[in-house]
Amino acid sequence: MATIQFDLVSPERKLASLEASEIQIPGSDGDFTAMAEHAPVLTTLKPGLLSVKVGNDLMEYIVTGGFVEISGSNASVLAEEALPRNEVDTSVIEGLIEKATIALEDVTAENKDDAEKRLADTKALLSLI
Amino acid sequence: MPNLKDLKTRIDSVKSTRKITKAMQMVAAAKLRRAQESAEAGRPYADRMNAVMANLASGASGADNAPKLLAGSGENQVHLLIVATAERGLCGGFNSSIAKLARAKAAELTSSGKTVKILTIGKKGREQLKRDLGDKMVDHVDLSEVKKIGYSHASQIASDIVSKFNLGEFDVATIFYNKFQSVMSQIPTELQLIPAKFELDEGQDAPFYEYEPGEVEVLADLLPRALSTQVFTALLENGASEQGARMSAMDNATRNAGDMIDKLTIVYNRSRQAAITNELIEIISGAEAL
């Protein structure tokens with residue numbers, strides 16, 4: 001089966017580099033799954049669960065934002081924060097919610113919708129773990 | 001001729017200085033390795049970000065609705081110079097080379113009638129520029145409590161810069177830092193942050209992307225991140241350069257101290273022998289007189 005080269009990088013380090021068979025991505029316009037030979041897409045991420053299927057293994061990461069670049073046989077996820085799912089517990093998510101709430105407080109009027117959406121997405125993470 | 005006791009004290013003091021500089025050199029070498037590793041680790045992200053931004057920016061910069069961060073405020077009057085230096089001294093010409101570059105730029109801008117504002121990162125640059133450019137300083141970022149520079153620090157600085165820009169406090173922002181070339185050489189570099197500039201690598205063919213949500217939205221979302229990434233990269237380069245500069249400065253200092261000890265030891269031995277010879281002459285001439 002054709003695979004797609006998956007890279008997960010954060011500003012501080014490279015988190016993963018795998019040959020994946022499929023990747024589920026929480027895009028800001030909706031979740032989607034990328035497989036080999038996907039059309040080139042560049043999309044931003046919303047807070048959510050990124051799952052990568054490598055053979056029969058499933059790896060899951062909680063991401064809080066960033067973007068994905070998919071071109072043919074490559075998928076690069078540039079995430080500001082990405083944590084393996086098994087390292088995330090409720091307290092981590094609550095920390096993120098708190099951050100999003102603070103961000104919502106001192107946001108300008110035009111960005112208010114975005115910040116609200118972000119908070120809602122972050123809250124939705126609680127149901128994932 | 002200095003007496004023997006003074007010489008002895010002097011030699012001992014240079015010896016302990018040598019111990020200190022040697023220790024600092026070793027500490028800097030260890031820190032340098034770590035700083036280089038984190039600079040290395042951050043590179044894939046920065047490279048990808050840069051490539052994507054170059055791609056997006058080349059498409060959008062001509063458009064009327066291009067984000068202000070990319071297109072600029074339309075003016076070129078107020079310049080913000082961000083001077084990133086170290087929190088500590090004893091690292092050779094590291095801090096002063098950045099200060100020198102920033103000072104030259106400030107002088108150039110002032111003479112062509114522009115307004116200059118300065119934001120300093122790191123104590124040492126602030127101290128050096130305070131004397132002549134103190135009235136132009138608008139802000140200072142203190143990283144002295146920070147052990148290891150993380151992305152969060154950079155994004156904090158970047159978002160401060162962006163909010164200042166949005167308030168119309170300046171038109172052009174440039175960051176000054178030392179680019180790490182090797183342990184022996186660090187290159188003082190200036191990089192324009194706002195309006196953002198991204199260089200497309202030659203021969204890199206950009207695939208035609210489908211953008212989600214839209215191209216403009218993606219660009220607007222990514223620009224602040226790209227800015228943070230640029231600041232982060234600059235800070236990491238600076239961190240590695242600082243340790244590199246300190247390492248070679250301390251290496252020189254250790255060697256100089258060694259030379260000095262050798263010279264002083266020769267003087268010490270000569271004076272000691274002279275004293276012994278003198279004493280012998282006194283004894284012999286005393287014995288002959290009897």
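Biologist: Thanks! At what angle do the axes of helix α5 and helix α6 of chain B cross?

Modeller: Keep in mind that this is a predicted model. Helix α5(B) spans residues 151-166 and helix α6(B) residues 215-289, and their axes come within 8 Å. The crossing is right-handed, and the axes meet at roughly 125 degrees.

Biologist: Which word describes how α5(B) lies relative to α6(B): roughly parallel, roughly antiparallel, roughly perpendicular or oblique?

Modeller: Roughly perpendicular covers 65 to 115 degrees, and roughly antiparallel begins over 145. The two axes cross at roughly 125 degrees. That makes α5(B) relative to α6(B) oblique.

Biologist: How many nonpolar residues are there in the contact of α5(B) with α6(B)?

Modeller: From α5(B) come B:Y151, B:A154, B:S155, B:I157, B:A158, B:S159 and B:V162. Across from them, α6(B) brings B:P224, B:L227, B:S228, B:V231, B:F232 and B:L235. The contact has no charged residues and 3 polar ones, and the number of nonpolar residues is 10.

Biologist: Let's turn to the sheet in chain B. Which strands stand at its edges?

Modeller: The sheet is open, has 5 strands and shows mixed pairing, in the order β3-β2-β1-β4-β5. An edge strand here has a single partner strand, so one of its sides is left without a neighbour in the sheet. In chain B, the strands in that position are β3 and β5.

Biologist: In β2(B), which residue is the bridge partner of B:V83?

Modeller: Strands β1(B) and β2(B) run parallel and are joined by 7 bridges. Across to β2(B), the bridge partner of B:V83 is B:T120.

Biologist: And in β4(B), which residue is the bridge partner of B:L81?

Modeller: Strands β1(B) and β4(B) also run parallel, with 5 bridges between them. The bridge partner of B:L81 in β4(B) is B:T174.

Biologist: Do β4(B) and β5(B) run parallel or antiparallel?

Modeller: A hairpin links β4(B) to β5(B) through 5 residues. In this pair, B:A173 stands opposite B:I194 of β5(B). The two strands are joined by 8 bridges, and their sense is antiparallel.

Biologist: How many of the 9 residues of β4(B) are buried?

Modeller: Helix α6(B) lies across β1, β4 and β5 of chain B, and runs at about 35 degrees to β4(B). Strand β4(B) is largely enclosed by the rest of the structure, because its number of buried residues is 7.

Biologist: What covers the buried residues of α4(B)?

Modeller: Helix α4(B) covers residues 123-133, and its buried residues are B:K124, B:G125, B:R126, B:Q128, B:L129 and B:L133. Their cover includes, from chain B, β1, α3, β2 and β3.

Biologist: Now for the two chains together. Which element gives the largest share of the side of chain B that touches chain A?

Modeller: The contact takes in 22 residues of chain B and 20 residues of chain A. On the chain B side, α1, β6 and α6 each supply at least two residues. That side divides into 14 nonpolar, 4 polar and 4 charged residues. Its largest share, 8 residues, comes from α1(B).

Biologist: Which residue of β6(B) is the bridge partner of A:L42?

Modeller: Strand β5 of chain A, residues 38-45, pairs with β6(B) in the parallel sense over 3 bridges. For A:L42, the bridge partner in β6(B) is B:Y211.

Biologist: Is A:A2 buried or exposed?

Modeller: A:A2 sits in the segment before β1 of chain A. Beyond its neighbours within four places in sequence, A:A2 is in contact with A:A36 and A:E37. With 9 C-beta neighbours inside 10 Å, A:A2 counts as exposed.

Biologist: Last one: what distance separates the C-alpha atoms of A:A103 and A:A115?

Modeller: A:A103 belongs to helix α1 of chain A, residues 90-105. A:A103 is partly exposed, because 15 other C-beta atoms lie within 10 Å. Along the chain, A:A103 and A:A115 are 12 residues apart, and their C-alpha atoms are separated by 7.0 Å.

Technical notes: Residues are numbered from 1 along each chain as its sequence is written. Chains are lettered from A and ligands numbered from 1 in the order in which they are written. This is a predicted model: local features need pLDDT of at least 70, side-chain atom pairs count only at pLDDT 80 or more; totals for chains, interfaces and linings use all residues. Helices (H or I, at least four residues) and strands (E, at least two) are DSSP runs, numbered from the N terminus. A residue is buried if 20 or more other C-beta atoms lie within 10 Å of its own, exposed if 12 or fewer, and partly exposed in between; C-beta atoms are placed from the backbone. Two residues are in contact if their C-beta atoms, placed from the backbone, lie within 7 Å. Axes are lines fitted to C-alpha atoms, for helices over the stretch in contact, and angles run from 0 to 180 degrees between N-to-C directions. Angles under 35 degrees count as roughly parallel, over 145 as roughly antiparallel, 65 to 115 as roughly perpendicular and the rest as oblique. A crossing is left-handed if the near helix is turned anticlockwise from the far one by less than a right angle, and right-handed if clockwise. Ala, Val, Leu, Ile, Met, Phe, Trp, Tyr, Cys and Pro count as nonpolar, Asp, Glu, Lys and Arg as charged, and the others, Gly among them, as polar. Two strands pair if DSSP finds at least two bridges between them.
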